[in-house]
Amino acid sequence: MTIYKTTKTTFQLNWYANPYHTPLFVAQSKGWLLEEGIDLAILEACSPSDVTEVVGAGKVDMGMKAMIHVLAAKDRGIDLTSFGTILDEPPTGLIFKKSMNIKGIEDLRGKNIGYIGHFGKIMVDDLMKQAGIPQTEYKMVRVGMNVTDAIMRGEIDTGIGFTNFQRIELEELSGEPVGMLRIDELDGLGCCCFCSIQFVASDEYYKNNIPKIEGFMRALRRAMDLTIEYPDEAWDIMCRANPRLNTPLYTKIFQRTLPYFSRDLLNVERDWTKVGDFCKHLDILKNDFDQNSIWTNEHVPSTGTPSVAPVTAGGVLPSKTSPFAVTPEPVAIEA
């Protein structure tokens with residue numbers, strides 16, 4: 001039995017534990033965080049909109065949040081540092097059942113449109129303004145993260161969601177094809193980088209805990225490699241940690257999420273520049289600051305040779321060929 005000297009570290013998710021958090025739970029389950037001296041307590045968010053405030057105030061040590069929210073937090077005087085990326089550019093837009101006959105933005109006239117939080121409403125209002133559709137001809141409804149349920153209940157006709165999450169939910173629950181008007185395409189952005197999910201900490205915590213940040217990223221580097229190279233094993237680990245996810249629906253969401261995991265964990269300068277400019281266009285950022293000053297790649301491990309054996313030519317190997325055992329070696333935690 002290996003004994004690691006560890007310190008308790010808190011980590012705030014941006015929502016309830018779900019498939020795109022898999023690498024974090026892999027790093028915890030495999031004991032790789034413990035090897036780095038990190039006894040990680042993973043906390044789910046009751047209200048996703050509170051994450052930046054909670055992390056920024058130092059109430060928890062680290063967390064994750066979408067790029068656009070990290071920038072908006074900085075504008076409000078909440079100083080966060082992004083030190084890596086877990087999810088790259090998941091396509092985001094207005095999802096709807098095909099029976100709604102929505103083909104383009106003009107078809108949103110007279111519709112009830114669901115949004116998650118303040119920024120979602122601003123984005124949709126801006127798109128409608130560009131299309132010449134006055135606010136009197138549509139209704140915005142705040143539904144939080146429950147866009148799928150709101151559509152199924154008939155409260156809204158369409159709402160903001162991820163193509164790899166809420167779109168899959170709606171397909172499964174409605175039993176009919178689901179369409180999406182992608183926000184990046186409607187706005188001509190060229191990417192959905194505003195919804196990339198970043199690892200963040202308050203500036204103060206980041207500056208005072210560099211060794212822990214580096215250890216965390218080393219563990220996540222290993223976990224991301226395993227998740228991408230051996231997705232079946234990674235998903236098994238995730239479902240053991242969160243049994244409620246062990247359903248066909250969440251399995252499908254995990255499979256659709258795999259292409260969007262960040263293989264290199266890097267912040268992308270192009271994306272931060274583009275999202276900062278987009279926020280300025282939306283008038284979300286009231287203060288003048290360099291959007292590239294709030295992130296760093298200094299502590300992201302080099303990709304190099306993957307820490308897991310690559311799959312052989314000819315197809316994905318079955319999970320039993322993985323060099324990693326599903327059950328980690330027993331460890332004792334010495335606080």
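Predicted model: local features only at pLDDT ≥ 70, side-chain atom pairs only at ≥ 80, totals over all residues.
Contact here means heavy atoms within 4.5 Å.

Five strands make up an open sheet, ordered β3-β2-β4-β11-β5, with mixed pairing. Strands β3 (38-43) and β5 (80-87) stand at the edges. Each has a single partner strand, so one side of each is left without a neighbour in the sheet. From one strand to the next, the twist averages 30°.

Strand β2 (residues 7-12) pairs with strand β4 (residues 62-66) in the parallel sense, over two bridges. Q12 stands opposite G63 in β4.

**Helices across the sheet**

Helices α4 and α10 lie across strands of the sheet, as tabulated here.

| Helix | Residues | Lies across | Angle |
|---|---|---|---|
| α4 | residues 67-75 | β4, β5 and β11 (197-202) | about 105° to β4 |
| α10 | residues 210-229 | β2, β3, β4, β5 and β11 | about 10° to β5 |

**Around R244**

Where does R244 lie? It sits in the loop between α11 (231-241) and α12 (248-257). R244 is partly exposed, with a relative accessible area of 40%.

Which residues does R244 touch, not counting residues up to four places away in sequence? They are Y16, A17, E44 and Y250. Two of these contacts can be given in detail. The side chain of R244 reaches the backbone oxygen of A17 at 3.0 Å. The side chains of R244 and E44 are joined by a polar contact of 2.9 Å.

R244 and N18 are 226 residues apart along the chain. Their C-alpha atoms are separated by 9.7 Å.

Conventions. Residues numbered from 1 in each chain as written. Heavy atoms only, no water. Pairing = 2+ DSSP bridges. Helix = DSSP H or I, 4+ residues; strand = E, 2+ residues; numbered from the N terminus. Axes fitted to C-alpha atoms, helices over the stretch in contact; angles between N-to-C directions. Buried < 20%, exposed > 50% of the residue type's maximum accessible area, 1.4 Å probe, protein only. Polar contact = N/O pair within 3.5 Å; in protein donor to acceptor, adjacent residues only side chain to side chain.
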